[in-house]
Amino acid sequence: MKRGLVIALALVLFAVLVPGVFAQKITVWCWDPNFNGYSMKQAALVYNKTHPNVQIDIVDVAQDIEAKISAGLQAGGAGLPDIALFQDFRIEQFLHDYPDGFVDLKAAGVDYSKFAAYKVGPMTVGSHIYGIPFDTGSTGLWLRTDYMKQAGLNPDSYAGKKMKWAEVVNLGVTIKAKTGQPLLSYQSDNFDMLRIVVQSTGGQFFKPDGSLNLRSDAFKKSLALFKELNDKGLLYPVVGWSDWINSINSDKAAGFLNAIWMVGTVKSRPENAGKYMIVPTPLIEGVSGAANASNNGGSSWYVFASSPNKAAAVDFLKSVWATATPDTLAFYNTILKGAGAMGTFLPSQAGSNYTAKDEFFYKSQPVYKDFAGWMANVPVLKYTPNYQPMRDAVAHAMLKYFQGQIATVDDTIAAAEAEYKQVMGQ
Amino acid sequence: MTNSAFRAWSPARILMWLVLLVCAAMSIFPFYWILNGTTLNPNDVLKGVLAPGRDFLNNWKLATTAYNLPLYFTNSLVIALGTVIFGVGINALAAFGFEKYRSRARDRVFGLLLLTLILPQIAIVIPMFKMFSFFKLLNTRLAIALPSVMSVFIIFFLRQNFKLFPTEIMEAARVDGASELSIFANIVAPSMRASFASAAIYMFIAQWNSYLWPLIAALNDAVKTLPIAMASIMYAYTIQYGALMVVVAISTLPVLILFLTMQKQFVAGLLGSVK
Amino acid sequence: MALRGTYERYLNRFGWFCVAPSVLFFGVFLAYPILSSLYYVTRRWKGATNTFIGLGNFVRMAHDSIFLQALGHNFIFMAIQVPIMIFLALLLAVLLNQGIRSFRGAMRLAIFLPSVTSLVVVSVLFRALLQENGLFNNLMIGSHLISAPIGWLNNSFWAKVTIMLAITWRWTGYNMVFFLVGLQSLDSQIFEAAEVDGASRARQFFSITVPLLVPIILFSAVTSTSGTMQLIEEPNILTFQGGPANGTMTAALYIYRQAFFVNFDFGYSTAMSYVVVLIAGILAFIQIRLLGGERATR
């Protein structure tokens, strides 16, 4: 009797252990519920108006998204969603490593002349084009006007000002002296801030032949600048993205340097209302080609070839993200103000929010107009399949430089190059 | 005890109590901190506010909706229970076979098994990933459970315990015409309940807390166990620390309860290895 | 005679029947993976393709300073944390066993409690407690032990300390239980005799307790060092991907990242895991020889 029970229980468990069969739906992986997750949700709403029977599941996959996707591709598609978001700087590696892993959307009829050309580059392999471009990463210097006022400064005299980094350092020193707040909160295990500065000069991290290009004047000057910021106590370092977000939303610094897509995160905390002002990316002096503008991030949507719902997934992306209808244009307009998602679908850029004021920001700054204006001056960054290892190697070397384990800019560069080669097995 | 020096409140005795109290306090404090954290908003969790807050319901709601807590809990439970039920069965049978039906060949096999005890898990997971991938079994609960069903440690532990069972009783049963299987099922196994309980607890906890293989074998949320879910929450772009504390508390609770209610078997399972 | 032979064959067959399921599992989930790794170790993966490179992975490893550095971290944790923890566990066990009479059970329970948590939970806990503006720093500043917050997670020295703190918290009580059982099995007359001879407490501890507990200390040392060799949860979650700047990168984490995070190069990772297996084996061998000889192996 008792034994029968145990056997029955074992059989039930066995049945549960074997995977269940799911109803048909489109699953999308992305990583920021305040930003790309939010945007995808809006897109799903639009699509469901005409396709009420398609269920679109949006899953927040966090920073190991690429690892999980690689594992799934290695395992012949196991566990993969139908659609995933990829950083533009990561996708080249995937298209290169898994040539049969993704659906060719050009062949599926997407008109790429309607998208910003620089977004299409990384997703193109020969005559195939694989992605649907999502957002741009036009950057600015985000400043907390409440701390500026506390420090006896008038935020208005900085509004829209195209500053040089020397001025920014002075601003930071004043704020630090008067309020004790460091100027910029930054993620020490990530090189986004350095990349923003290097890129504002038009500098590239790779040469056209694919080899590293860290010995440029722009790179050296940028590193030296960060060391100065660090040594003057103007940086608030945190480890990991979530802790960085947390530092911003718990008032650990008087600002940060990052892209338009931070709008959603900043807005997710009501206390931030009226406090932030965004000024142009500061200029790095003495480097030819330097501008008061830069780009950070930017990502695009891809459909997996292993997806059983390929057709539905492609239709969804195509009809909401790549077709101009009143509904889709309204959708692009919504995600711009809702999350700072500035689409790269050219017909959408006549939307009203592109010029509208946003009352969430200091003195209702028309932030989208400003970001779009700065974007016009951004030189295009070229990625390679090996961008990610370079990024880690540089971040690691930079941190060692800040903490005094490496003494000079040149040694820092040498350390980054060495780590890159080791990780790549070169 | 004859330690008269320690009877009076000598400085040595005070120091000793101090050491013990500080260690005990440091051991327990994080448990309070987790429980308290389930009632706080994310900022207060990080600041380390020690007084209870009011966000418990909110955190609970977030944990069960945004974080899929019920799914992860079910996955963890099903996988751990499955491992225990099949695991204790086949490991006990093997331990019985190795101990009570000794032959040179089986002793050699047992030696081979023992050799793999020191093998670091990281050395096995890579080929195992390829193997499960080949059989299209990755990202299933079965894939997460299977590799830990057979445990050399548990076989070793149970074998030590079978040693204590007098072989004469088995002989007597044989004379009475009992089959070997019924000897195991009706005579030996019932007297080994305590050892089986220890083995079951040990296996349950090992699987419940397991990290590396589930991390590799679980490719999406559908099959994630609690440790893997917590690990990915820590990798998320925004961590809801309050809700995370709820997940942490829920994932610690079953083991805590097991420990507090079955301390004896719990510790016996630990100690099995030093006998 | 013939009958007896048949009967023994029957018993023998039953013996195989008993061990068969486990041996089958062993074959599929241990032996086969180990054998098939011999194939992987000679190849280099790049995405969906792989090529034969012979011993190339080992050559690459010899020049990979991150891997060597990661192994170095394993040894640092081993050399510093394991002795501290074993000493602490031993001390607590002796205090509980001989020092106090009241609250003994409650104290033992309390100190053992961290052992029920998963390593992921430990990592989450310490990551939150050791934030720059977290509880730990606040308490230390509040009690004037330090004047500025310590970058527990930001600085590669402190990050190593952080990891060791976390491991010590998690495992001290666990090891203590072994020592307690060992102590209880010792003959109390030895201590009484030592007391009569006027041996100090410290003297008793080092001259009697420790030598008598050698087999158990050995066991703790072997399991702890092999655990340290496999460290992965803590550096991956607590100090975030072995950070800062690979400052807490361990061998197992680097192998995991090379295989399942960065390059998906199964060949190179397998080669590195061979080295870890070799080291784990050598360490176990040395410890058994050094500390216990034949006696300690039971």
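A residue counts as buried if 20 or more other C-beta atoms lie within 10 Å of its own. By that test, both faces of strand β8 (residues 184-187) of chain A are covered. A:L184 and A:Y186 are buried on one side, A:S185 and A:Q187 on the other.

## Model and confidence

This is a predicted model. It scores ipTM 0.91 and pTM 0.90.

Chain C has a mean pLDDT of 89, and 96% of its residues reach 70 or more. Residues 294-298 of chain C are the place for caution: the pLDDT there is below 50. Beyond near neighbours in sequence, this stretch has eight contacts in the model. Where pLDDT is low, the predicted coordinates should not be read in detail.

Strand β8 of chain A is joined to strand β9 (residues 235-238) of chain A. Four bridges link the two, and they run parallel. Within this pair, A:S185 stands opposite A:Y236 of β9(A). A:S185 is also one of the buried residues of β8(A).

## The five-stranded sheet of chain A

Five strands of chain A form an open sheet with mixed pairing. The order is β2-β1-β3-β12-β6. Strands β2 (56-60) and β6 of chain A are the edges, each pairing on one side only. On average, neighbouring strands of this sheet are turned by 25 degrees against each other, direction ignored.

Strand β12 (residues 299-303) of chain A is mostly covered, with five of its five residues buried. A:S299, A:W301 and A:V303 lie on one side, and A:S300 and A:Y302 on the other. Five bridges join β12(A) to strand β3 (residues 83-87) of chain A, in the antiparallel sense. Here A:Q87 has A:S299 as its bridge partner. Strand β6 (residues 131-133) of chain A also runs antiparallel to β12(A), over three bridges. Strand β1 (residues 26-30) of chain A pairs with β3(A) in the parallel sense, over two bridges. A:W29 has A:A84 as its bridge partner in β3(A).

## Helices across the sheet

Helix α2 (residues 36-50) of chain A lies across β1, β2, β3 and β12 of chain A. Helix α2 runs at about 180 degrees to β2(A). Helix α12 (residues 310-321) of chain A lies across β1, β2, β3, β6 and β12 of chain A. Its angle to β12(A) is about 145 degrees.

## Nonpolar core

In soluble globular proteins, nonpolar side chains tend to be buried together. The largest nonpolar core in this model has 308 residues. A:L184, A:V303, A:L317, A:M398, B:M230, B:V247 and C:V124 touch the most other members. Helix α4 (residues 69-100) of chain B gives the largest share of this core, 15 residues.

What does C:V124 touch, leaving aside its neighbours within four places in sequence? Its contacts are B:M230, B:M234, B:L244, B:V248 and C:I237.

## Contacts of chain C

Against chain B, 74 residues of chain C are in contact with 68 residues of chain B. Helix α1 (residues 2-40) of chain C gives the most to the chain C side, with 19 residues. That side divides into 49 nonpolar, 20 polar and five charged residues.

Against chain A, the contact takes 20 residues from chain C and 21 from chain A. Here the chain C side holds 11 nonpolar, six polar and three charged residues.

The peptide bond from C:G243 to C:P244 is cis, with omega near -10 degrees. C:P244 sits in the loop between α11 (233-238) and α12 (251-260) of chain C.

C:F103 is not a glycine, yet has a positive phi of about 60 degrees. C:F103 lies in the loop between α3 (65-99) and α4 (104-112) of chain C. It counts as partly exposed because it has 15 C-beta neighbours inside 10 Å. B:K136 is not a glycine either, and has a positive phi of about 55 degrees. B:K136 lies in the loop between α6 (122-134) and α7 (141-145) of chain B. With 13 C-beta neighbours inside 10 Å, B:K136 counts as partly exposed.

How values were computed: Residues are numbered from 1 along each chain as its sequence is written. Chains are lettered from A and ligands numbered from 1 in the order in which they are written. This is a predicted model: local features need pLDDT of at least 70, side-chain atom pairs count only at pLDDT 80 or more; totals for chains, interfaces and linings use all residues. Two residues are in contact if their C-beta atoms, placed from the backbone, lie within 7 Å. Ala, Val, Leu, Ile, Met, Phe, Trp, Tyr, Cys and Pro count as nonpolar, Asp, Glu, Lys and Arg as charged, and the others, Gly among them, as polar. A residue is buried if 20 or more other C-beta atoms lie within 10 Å of its own, exposed if 12 or fewer, and partly exposed in between; C-beta atoms are placed from the backbone. Two strands pair if DSSP finds at least two bridges between them. A nonpolar core is a set of buried Ala, Val, Leu, Ile, Met, Phe, Trp, Tyr and Cys residues joined through C-beta atoms within 7 Å. pLDDT is the predictor's confidence in each residue, from 0 to 100. Axes are lines fitted to C-alpha atoms, for helices over the stretch in contact, and angles run from 0 to 180 degrees between N-to-C directions.
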